Amino acid sequence: MNLKKYLVRALHRLQKGPGYTYKELLVWYCDNTNTHGPKRIIKEGPKKKLIWFFLTLLFASLVFWQWGILINTYLSYNVTSSLSIGFKTMKFPAVTVCNANPFKYSEVKHLLKELDRLIEAALERILQPTPGNVSENVSPPLNLQLWNQIPLVLIDEHNKDNPVILDIFETNQTAGGNETAGDDQNSTCPCPQCSHQGSNNCTYRNFTSAAQAVTEWYILQSTSILSKVPLHERIRMGYQAEDMILACLYGAEPCNYKNFTQIYHPDHGNCYIFNWGMDEEALNSSNPGAEFGLKLILDISQQDYIPYLSSAAGARLMLHQQKSFPFLKDQGIYAMAGTETSIGVLVDELERMGYPYSDCTMNGSDVPVKNLYSQYNTSYSIQACLRSCFQNHMVEICGCGHYMFPLPKGVNYCNNEDNPGWAYCYSSLRSSITQRQICIDSCKETCNDTQYKMTISMADWPSEASEDWIFHILSYERDMSTNVTLDRNGIIKLNIYFQEYNYRTISESAATTIVWLLSSLGGQFGFWMGGSVLCLIEFGEIIIDSLWITIINVISWCKGLKQKRARYPDAPPTVSELVEAHTNLGFQHEAMGALPRDEALPPEPGTPPPNYDSLRVQPLDVLSPDSDVE
């Protein structure tokens, strides 16, 4: 019932309207508004009225222009960075240590035997030997199948317009001439990769040094061979924790290889992580300084390195957050053999604002790329996303996965036997800017991150005076032998500690807030026109009243049109018909159909008698004596 009354009242208000025209409404607004300027337009003379109209229009335009700039600035969602320094007990970072050589050469030699013989013969050709020093009859003969799949060639660039391609295992030039492959002084050593054997659809990776070319070629070929080896076999062929970690001390507490978590890293083989936080709570550091950090002694067994796969000797290590995957190839550092490396750590905590201020993610759940590193139960990182994206594209385009990245389910690693053109596909994909940009656009930075800044110093260890007894003790503890089985080329000592407990927090905050926007809008409006929020409400009021007037006018026009159609259902009468209707009362407009005979015509209209008070005659005696009567 109340709703019905409300609707009826609303209908009455709609029918009633504001009660004036557009002109009257505008004059009323200018006369009653609190905004400076409009009131002077209607109260001044013609000349001043024109001046005030121009000034009001100019300043109103300036207000709207400034408002547009302020709103656009607010919608750009800029941020400001602030730096704060705090002091607290901090969690010790996770420490990942690996050997620079992924496998023991004694364990994988049988798998790489043919590849080693092939690269040794290629090096003999590259090193430009005299004809008498070249081994023409190699026993047993070389297996050139690996070479033909991805060969190394020399390019003679004496003639820039017509370079000559020389196959290392061909005695003659492939483009004419009689020179051997080793007779050219100005040549590059590229590695051609073709879509399939014998195809002309090839790409060349150029190298200015044969050392780089041989290393890259060997890594590519060994990847194809090792990808067919099961994971448990690759772990067995790597360096074991009990052989690599000789001594461990954290603060005042002893530790050993059992306090490390083993993971398999494609670049470095078996890696070991201290304080990863997967099974136990992360360790806190009680005090800054070297005495309260982590101390390690490692044996890298340099004598068992693969000669053509690992050209650098040492340990690869990385400091990172708990439960995050270590990407040592990008963020790791080397520790040199025969040295004591001290690493002082400073902590930077980054706090980014999320959407709409930045395109960061809290845990990677809103990233469209499937994280292949989630099989390690690690947290999201942009490095994991980029590599997962590349591997997904590799599987989609090449039909197999690269050995250096985790595999999706149901996919195998690429190798030369099952996927002859995988190297060409991988090289094309890696050099594709479009594919790289797709991954960059798909992946997001983490909103919260912790970075460890390191200060590194090194010294020879052990010294010449102490190396005898140190090597004896370490050899006995590892091998239970009185003979010295360790030497300076394989021993590394590490000291990792917090330099100080001061940590820096770099946080983002919104540069423009809604409070800033409202105050700026009000300041511009008040400065240029002396207005306030109430002035805006007044302006909104006349807009509503204008709408009411418009609605009433439309309704009246519709009603008038409807009545006109009801009065003249057919064609409207002519002027002569209208005149005849006024002069001849008996005239009736001819209808479309004739009326029935028995139906009487309506009565003719007559003229009613006048009924006006001004014509009423009053008696003379009623008139007042003061009246003027003629």
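This report walks through a sheet, some aromatic rings and one serine in a predicted model.

**The sheet**

Let's start with the strands. Five of them make an open sheet, and reading across you meet β10, β11, β2, β13 and β14 in that order, with antiparallel pairing. At the edges sit β10 (260–265) and β14 (333–335), each of which pairs on one side only. Going from one strand to the next, the twist averages 30 degrees.

Now zoom in on one pairing. Strand β2 (residues 94–99) and strand β11 (residues 269–274) run antiparallel and are joined by four bridges. Which residue in β11 is the bridge partner of valine 97? That would be tyrosine 272.

**Rings that pair up**

A pair of aromatic rings is described by the distance of the centres and the angle of the planes. This structure has 24 aromatic pairs, and here are two of them:

| Ring pair | Distance between centres | Angle between planes |
|---|---|---|
| Phenylalanine 92 and tyrosine 250 | 5.2 Å | 75 degrees |
| Tyrosine 403 and tyrosine 413 | 5.8 Å | 65 degrees |

Why is the pair of phenylalanine 92 and tyrosine 250 called edge-to-face? Planes over 60 degrees apart count as edge-to-face, and the planes here are at 75 degrees, so the pair gets that label. The planes of tyrosine 403 and tyrosine 413 are at 65 degrees, so that pair is edge-to-face as well.

Where do these rings sit? Phenylalanine 92 is in the loop between β1 (79–87) and β2, while tyrosine 250 belongs to strand β8 (residues 245–250), so their pair ties together parts that are 158 residues apart in sequence. Both phenylalanine 92 and tyrosine 250 are buried. Tyrosine 403 and tyrosine 413 are in the loop between α12 (382–398) and α13 (422–430), 10 residues apart. Tyrosine 403 and tyrosine 413 are buried too.

Phenylalanine 92 and tyrosine 250 also belong to a cluster: ring pairs link them with Phe87, Phe260, Phe274, Phe498 and Tyr501.

**Charges over rings**

Lysine 88 lies over the face of tyrosine 503, 4.8 Å from the ring centre. Arginine 316 does likewise with tyrosine 334, at 4.4 Å from the ring centre.

**A serine in a helix**

Last stop: serine 442, which is part of helix α14 (residues 433–442). A polar atom of the serine 442 side chain lies 2.8 Å from the backbone oxygen of isoleucine 438. And what does serine 442 touch, leaving aside its neighbours within four places in sequence? Serine 442 is in contact with Val367, Pro368 and Val369.

Terms used: Residues are numbered from 1 along each chain as its sequence is written. This is a predicted model: local features need pLDDT of at least 70, side-chain atom pairs count only at pLDDT 80 or more; totals for chains, interfaces and linings use all residues. Side-chain values use heavy atoms; hydrogens and water are left out. Helices (H or I, at least four residues) and strands (E, at least two) are DSSP runs, numbered from the N terminus. A polar contact is a pair of N or O atoms within 3.5 Å; within protein, one must be able to donate a hydrogen and the other to accept it, and residues adjacent in sequence count only if both atoms are side-chain atoms. Contact means heavy atoms within 4.5 Å. Two strands pair if DSSP finds at least two bridges between them. Axes are lines fitted to C-alpha atoms, for helices over the stretch in contact, and angles run from 0 to 180 degrees between N-to-C directions. Rings of Phe, Tyr and Trp (its six-membered ring) pair if their centres lie within 6.5 Å; planes under 30 degrees apart count as stacked, over 60 as edge-to-face and the rest as tilted. Buried means under 20% relative accessible area, exposed over 50%, partly exposed in between (1.4 Å probe, protein chains only). A charge sits over a ring if NZ of Lys or CZ of Arg is within 6 Å of the ring centre and within 35 degrees of the ring normal.
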